[in-house]
Amino acid sequence: MQQQLQWQDNLVQDYGDDPISVRDTSKYQTEYIQGFVEKWDSLIGWQTRAEGEGDFFIQALREKGVKRVLDVATGTGFHSIRLLQAGFDVVSADGSPEMLAKAFENGRRHDLILHTVQSDWRWLNRAVHGEFDAVICLGNSFTHLFTERDRRKTLAEFYAALKHDGVLVIDQRNYDMILDQGFKTKHTYYYCGDNVKAEPEHVDEGLARFRYEFPDQSVYYLNMFPIRQSHLCRLMTEVGFQQIQSYGDFQETYRHEEPDFFIHIAEKSYESGNSLTQEGKKRTGYASTVVNTARDYYNSEGADRFYAEVWGGEDIHIGLYETQNDDIFTASHRTVVKIASLLDLTAQDRVLDIGSGYGGAARYLAKTIGCQVTCLNLSEVQNERNRQLNQAQGVTDKITVIDGNFEDIPAEANSCSVVWSQDAILHSGNRRLVVQEVARVLRAGGHFAFTDIMQQDDCPAGVLAPVLDRIHLDSLGSLSFYRQAATQAGLEEVRFVDLTHQLVNHYSAVLAEVDRRYDEVIVTCGQDYIDRMKVGLQHWIDAGQQKYLQWGILQFRKMA
């Protein structure tokens with residue numbers, strides 16, 4: 001009788017009277033019942049999935065010199081079998097015995113004998129011994145973990161299973177898109193089966209309950225935690241992984257809202273980090289593709305000369321214009337003064353300027369208030385000019401310049417009284433992560449004051465494509481986004497000063513200056529660069545005039 005009851009339990013999923021309340025990591029053990037497992041391959045669509053992802057994982061592992069792989073989310077064996085066929089030594093692990101049995105059966109069909117191990121990730125190294133060149137966790141499997149403790153413990157187990165220079169390859173659904181915009185799918189890369197539906201039935205910040213419907217009318221469910229991309233990347237860095245490269249649907253460049261899935265490749269190989277007190281040092285860690293693209297742009301000769309010679313070379317951000325005759329330098333400096341007037345700064349304050357450019361704000365604060373300022377900026381070219389200007393103006397004792405990015409701030413927690421930023425965070429592919437990093441380094445009661453070019457909350461979809469394409473961005477933030485991200489990070493709003501009209505004023509002034517000095521600047525910056533810049537400036541002006549954009553000063557305070 002007991003055996004019969006156990007068999008029945010393995011035929012029917014049971015979420016009780018309130019399925020939405022079931023948010024338990026261990027639930028996966030009873031979700032993958034026999035009937036669901038038998039249909040899993042029709043959900044995946046092996047041939048179509050293989051065509052969609054191509055040799056992405058095989059090539060990525062070969063490029064890292066990988067030979068021995070631990071597949072911790074084997075499922076029915078799709079990736080284990082593909083890697084074995086490609087010549088890798090693979091150990092196939094999974095927490096579901098039903099999945100492993102099906103994987104072993106699929107391996108036999110391909111004339112392969114899988115080395116399978118049943119193990120819960122949280123105690124992975126009890127069952128799996130030895131070290132691996134790579135751990136792969138694919139198929140959106142990591143989202144079965146519902147608690148932060150389980151997620152950290154699992155990543156620590158993955159880390160421990162790797163050799164000193166090993167890599168973790170892990171994927172996830174684009175839960176950012178699902179949570180913020182609703183569900184959509186191209187049905188191209190992961191769940192490629194014909195006439196199979198896989199859609200969320202319920203989504204909130206703590207649960208994504210997916211419904212799977214098959215051609216025979218059978219229906220199954222999975223309850224998963226909708227982890228955001230920035231959250232997962234932050235956890236990997238905190239566990240100890242170093243460089244993390246992210247892809248959207250196997251593409252290195254993507255708009256954040258477009259991919260169905262993100263793939264992250266995290267390296268364990270350790271390079272010693274550096275604190276904010278070490279002048280001019282780089283920090284390893286997570287940086288989105290968008291950040292790396294911005295770094296390359298601002299390091300280019302054309303961009304450096306343009307911002308130094310046309311934009312003013314001190315404050316390279318949007319300015320405040322009082323008359324049509326105001327020059328760019330004066331208007332841009334006026335923004336610095338305005339932001340500073342909103343903060344009760346003293347000489348004892350420690351200010352961190354993220355995305356500091358040439359350091360104009362830092363020099364103003366150092367000279368007028370006397371506080372210590374750290375400039376964190378991704379462009380080594382801009383940072384070198386910043387250091388030269390600091391030396392020339394005699395403020396090197398008050399300003400430290402660091403090569404780095406604001407998605408991975410090299411500062412201790414609770415170490416800054418003010419974080420400052422001007423028109424820089426738009427260059428992040430993980431703005432929520434930036435806000436989280438800012439909240440981490442701020443002291444209780446500290447302030448985050450910044451400007452950023454944003455899209456209006458009611459901006460129609462797709463209309464900003466000309467702007468985004470020209471500057472290699474996948475999206476812009478919005479006022480509601482920053483308010484939500486700040487609240488989630490433990491920051492309370494102090495004020496928003498709406499200065500949207502100044503955006504068109506500023507870009508019109510820059511375009512007019514380029515036209516006035518065109519013959520001169522095509523020599524110093526290059527004609528191709530200047531002609532593309534003119535097109536881009538006009539796109540900003542058009543979008544601003546059509547009221548698709550918003551700009552102003554946002555100020556938040558870290559709650560005690």
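I began with Asn377 and looked up its bridge partner in S13, which in this predicted model is Asp403. The strands concerned, S12 (residues 372–377) and S13, pair in the parallel sense, and I noted five bridges for them.

I then placed this pair in its sheet, an open one of seven strands that I wrote down in the order S13-S12-S11-S14-S15-S19-S17, with mixed pairing. Which strands stand at the edges? I found S13 (399–403) and S17 (491–498) there, each with a single partner strand, so one side of each is left without a neighbour in the sheet. For the twist from one strand to the next I recorded an average of 15°.

Next I turned to S19, where six of the seven residues are buried, so this strand is largely enclosed by the rest of the structure. S15 and S19 pair in the antiparallel sense over five bridges, and within S19 I found Gln555 standing opposite Ala449. S17 and S19 also pair in the antiparallel sense, over seven bridges, and here I noted Leu554 of S19 opposite Phe496.

I also asked which helix lies across S15. Helix H17 (residues 431–441) does so, and it lies across S11 (350–354), S14 (416–422), S17 and S19 (552–558) as well; against S15 (442–451) I noted that H17 runs at about 140°.

Moving to helix packing, I looked up H13 (residues 301–309) and H22 (residues 527–545), which pack at an angle of about 65° with their axes 10 Å apart. H13 passes H22 in a right-handed crossing. On the H13 side the contact is made by Gly302, Ala303, Phe306 and Tyr307, and on the H22 side by Tyr529, Ile530 and Met533.

My last entry concerns Asn106, which I located in helix H7 (residues 97–109).

Methods: Residues numbered from 1 in each chain as written. Predicted model: local features only at pLDDT ≥ 70, side-chain atom pairs only at ≥ 80, totals over all residues. Heavy atoms only, no water. Axes fitted to C-alpha atoms, helices over the stretch in contact; angles between N-to-C directions. Helix = DSSP H or I, 4+ residues; strand = E, 2+ residues; numbered from the N terminus. Left-handed = near helix turned anticlockwise from the far one by under 90°. Contact = heavy atoms within 4.5 Å. Pairing = 2+ DSSP bridges. Buried < 20%, exposed > 50% of the residue type's maximum accessible area, 1.4 Å probe, protein only.
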